[in-house]
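Q: I have a new structure open and want to learn how to read it. Could we go through it feature by feature?

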Amino acid sequence: MRQGMIGGLLLSPGLHFFLTRVMSRAVFPSLSARANIGLRVAIHQACMMPLIQFTLLFLSAAMQPAGSIEDRVAAGKQRFHDKWRTGFSASLMFWPAVNTVMYSMVQPRFMNLYADMASLIFASIMSYITYKDCAATCETEEVRPTLAVPSLPTIDTQQLPAIDMLTEAVQTIPLVWQSHLLSLFLDGKRVEAQSAHDDTPWLLSTTT
């Protein structure tokens with residue numbers, strides 16, 4: 001809503017007036033075509049960039065809800081002070097290329113429409129630059145629901161002997177099984193050795 005009001009009530013009329021009343025007369029026949037285009041782009045950047053930066057930074061903050069007019073002005077000054085370097089860099093990267101295309105390829109009767117479309121794109125970029133820190137701050141300050149941590153059951157000290165006996169039984173049972181299996185294994189070996197010893201005289205008698 002704020003960006004629409006700023007663009008519709010201030011940026012678009014100002015840009016229309018600048019293109020039809022100022023840039024229509026900024027023609028330099030004595031210069032070459034490239035120099036003419038470069039000079040017109042420089043004039044456009046020098047005149048319109050302060051207006052665009054002021055409206056998109058200062059006014060967007062001043063139009064936010066506040067307790068008084070002084071608070072709105074202070075909010076606008078603070079945002080302009082914090083964001084003007086970033087906005088200036090974005091403007092230098094965006095508008096010279098856009099204006100070069102406009103003054104070299106777009107017919108004069110379509111310049112206003114072309115500039116309005118470019119202004120809408122740049123307003124979206126500046127809106128992202130302006131409000132991304134606010135969104136990150138709101139996300140970090142968001143109140144997250146707290147989960148109730150279940151309390152662990154308390155162990156009665158009178159149950160400690162029973163627990164110790166259970167632990168000892170659990171540790172002893174595998175040892176008993178191991179010793180039982182070992183005894184079975186040894187008994188099997190002993191039986192095999194005894195049967196082999198008993199069969200030896202029979203084998204000797206058959207061979208002789």
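Q: Which residues of the largest nonpolar core touch the most other members?
A: A nonpolar core is a set of buried nonpolar residues joined through their side chains. This is a predicted model. Its largest nonpolar core has 24 residues. L19, I52, L56, W95, Y103 and F122 touch the most other members.

Q: Which helices supply at least two residues each of this core?
A: They are α1 (2-22), α2, α3 and α4 (111-140). Helix α4 gives the largest share, with seven residues.

Q: Take L19. What is L19 in contact with, leaving aside its neighbours within four places in sequence?
A: Contact means heavy atoms within 4.5 Å. On that basis L19 meets S24, H44, M102, Y103, M111, N112 and A115. Y103 is also one of the core residues that touch the most other members.

Q: H44 is on that list. Is H44 buried or exposed?
A: Under 20% relative accessible area, a residue counts as buried. H44 has 3%, so it is buried. Its place is in helix α2.

Q: Now the helix pairs. How do the axes of α2 and α3 cross?
A: Start with distance and angle. Helix α2 covers residues 33-62 and helix α3 covers residues 69-105. Their axes come within 7 Å and cross at roughly 150°. Angles over 145 degrees count as roughly antiparallel. Therefore α2 and α3 are roughly antiparallel to each other.

Q: Is the crossing of α2 and α3 left-handed or right-handed?
A: The crossing is right-handed. The residues of the contact between the two helices divide into 19 nonpolar, ten polar and five charged.

Q: Where is R85 found, and is R85 buried or exposed?
A: R85 sits in helix α3. The cut-off for exposed is over 50% relative accessible area. R85 has 51%, so it is exposed. R85 and Q53 are 32 residues apart in sequence. In space they are 10.0 Å apart, C-alpha to C-alpha.

Q: What about L10: where is its place?
A: L10 belongs to helix α1. Its relative accessible area is 32%, so L10 is partly exposed. L10 and L51 are 41 residues apart in sequence, and 9.2 Å apart in space from C-alpha to C-alpha.

Q: Step back to the whole chain. How many helices and strands are there?
A: There are five helices and zero strands. From the N terminus on, the order is α-α-α-α-α.

Q: What share of the chain is made up of buried residues?
A: The chain has 208 residues, and buried ones make up 22%.

Q: Among contacts between residues at least 6 apart in sequence, what share joins residues at least 24 apart?
A: The share is 72%.

Note on methods: Residues numbered from 1 in each chain as written. Predicted model: local features only at pLDDT ≥ 70, side-chain atom pairs only at ≥ 80, totals over all residues. Heavy atoms only, no water. Axes fitted to C-alpha atoms, helices over the stretch in contact; angles between N-to-C directions. Helix = DSSP H or I, 4+ residues; strand = E, 2+ residues; numbered from the N terminus. Parallel < 35°, antiparallel > 145°, perpendicular 65-115°, else oblique. Left-handed = near helix turned anticlockwise from the far one by under 90°. Nonpolar A, V, L, I, M, F, W, Y, C, P; charged D, E, K, R; others polar. Core = buried A, V, L, I, M, F, W, Y, C linked by side-chain atoms within 4.5 Å. Buried < 20%, exposed > 50% of the residue type's maximum accessible area, 1.4 Å probe, protein only.
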